[in-house]
Amino acid sequence: MSSPAATVAIDHHHDHTTSTGIPNKKLLLWAFLASDCMFFGTLISTHLIYRLHPVPGGPDPRHIFSIELTSFSTFILLMSSLMMALAVNAIQKGNVRSMRASLLTTAFFGAIFVGCQVYEFHHFVMEKHLTISNSLFGSTFYTLTGTHGIHVSIGILWLMSMYFFSFKKGFSERNAVDVDSMGLYWHFVDIVWIVIFTAVYLLEFI
């Protein structure tokens with residue numbers, strides 16, 4: 001026998017549903033993420049191709065990267081995904097207060113990740129003299145990781161917007177599909193980072 005919470009979770013609430021059974025909002029987001037996946041695939045492939053053909057005298061990533069810092073920021077981003085999942089679970093159960101706390105924590109972890117990336121970029125430019133224009137490696141590295149950082153920043157703005165929107169009268173488990181869609185975006189950004197972390201950072205030390 002299904003519980004009321006479970007019924008709410010699969011009902012997609014008052015959102016209009018397409019003939020596929022997927023709410024319009026989620027279907028639109030899936031389409032966006034599919035195109036974004038190809039976009040990141042192109043950026044990652046470009047970086048890997050140029051990595052196989054380094055310019056003589058070019059920068060050595062092993063002397064530039066701080067794997068400790070990047071591992072820390074990766075861990076923080078993974079923890080943010082956990083908090084995002086808790087936020088979705090909370091709103092599906094109608095626990096708006098718990099959802100708000102999880103959203104704030106997710107945004108806080110995301111801000112730490114962006115802060116680490118800003119520090120990393122500043123360190124690379126000022127200390128390692130790696131800029132976006134002085135080498136192919138710098139061009140592909142900053143373009144790829146910078147684009148991902150913009151995605152995380154957009155996600156933080158979305159999280160904070162949802163947090164403030166949750167104080168609007170009438171916000172309840174009926175809005176679960178909105179939080180669920182936002183969680184889908186956030187998990188996508190996290191997964192993309194895992195691929196970037198592996199292909200761009202870890203690969204240099206194997």
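Reply: A residue is called buried under 20% relative accessible area, exposed over 50%, and partly exposed in between, using a 1.4 Å probe and counting protein chains only. By that scale R51 is partly exposed, at 28%. This is a predicted model, in which local features need pLDDT of at least 70 and side-chain atom pairs count only at pLDDT 80 or more, while totals for chains, interfaces and linings use all residues. Residues are numbered from 1 along each chain as its sequence is written, and side-chain values use heavy atoms, without hydrogens or water.

The structure holds 4 salt bridges, each being a side-chain nitrogen of Lys or Arg within 4 Å of a carboxyl oxygen of Asp or Glu. One of them joins the side chains of K26 and D180, with N and O 2.8 Å apart. K26 belongs to helix α2 (residues 24-52) and D180 to helix α7 (residues 176-201), so this pair ties together parts separated by 154 residues in sequence. Such elements are DSSP runs numbered from the N terminus: helices are H or I over at least four residues, and strands are E over at least two. K26 is buried, with a relative accessible area of 15%, whereas D180 is partly exposed at 22%.

R51 takes part in another salt bridge, with E204, and here too the closest N and O atoms are 2.8 Å apart. R51 lies in helix α2 and E204 in the segment after α7, so this pair links parts that are 153 residues apart in sequence. E204 is buried, at 11% relative accessibility. The side chains of D60 and R62 also form a salt bridge, at 3.5 Å from N to O. D60 counts as partly exposed, at 23%.

Helix α2 also holds L27, which is partly exposed at 35%. Together with I22 and W30, L27 forms a nonpolar surface patch with about 260 Å² of accessible area. A patch is made of residues with over 30% relative accessible area and no salt bridge, like charges being joined within 9 Å and nonpolar side chains (Val, Leu, Ile, Met, Phe, Trp, Tyr) within 5 Å.

A contact is taken as heavy atoms within 4.5 Å. Beyond four places in sequence, V179 is in contact with residues including M84, M99, M162 and F171. S166 sits in the loop between α6 (136-165) and α7, is buried at 1%, and touches V96, M99, R100 and F171 when residues up to four places away are set aside.

Finally, confidence must be considered. The chain averages a pLDDT of 89, the predictor's confidence in each residue from 0 to 100, and 90% of the residues score at least 70. Confidence is highest in helix α5 (residues 96-126), at a mean of 97, and lowest in helix α1 (residues 4-11), at 45. Over residues 1-12 pLDDT stays under 50, and the model has 9 contacts there beyond four places in sequence.

Technical notes. Areas by Shrake-Rupley, 256 points an atom, 1.4 Å probe, with all protein chains shown as cover.
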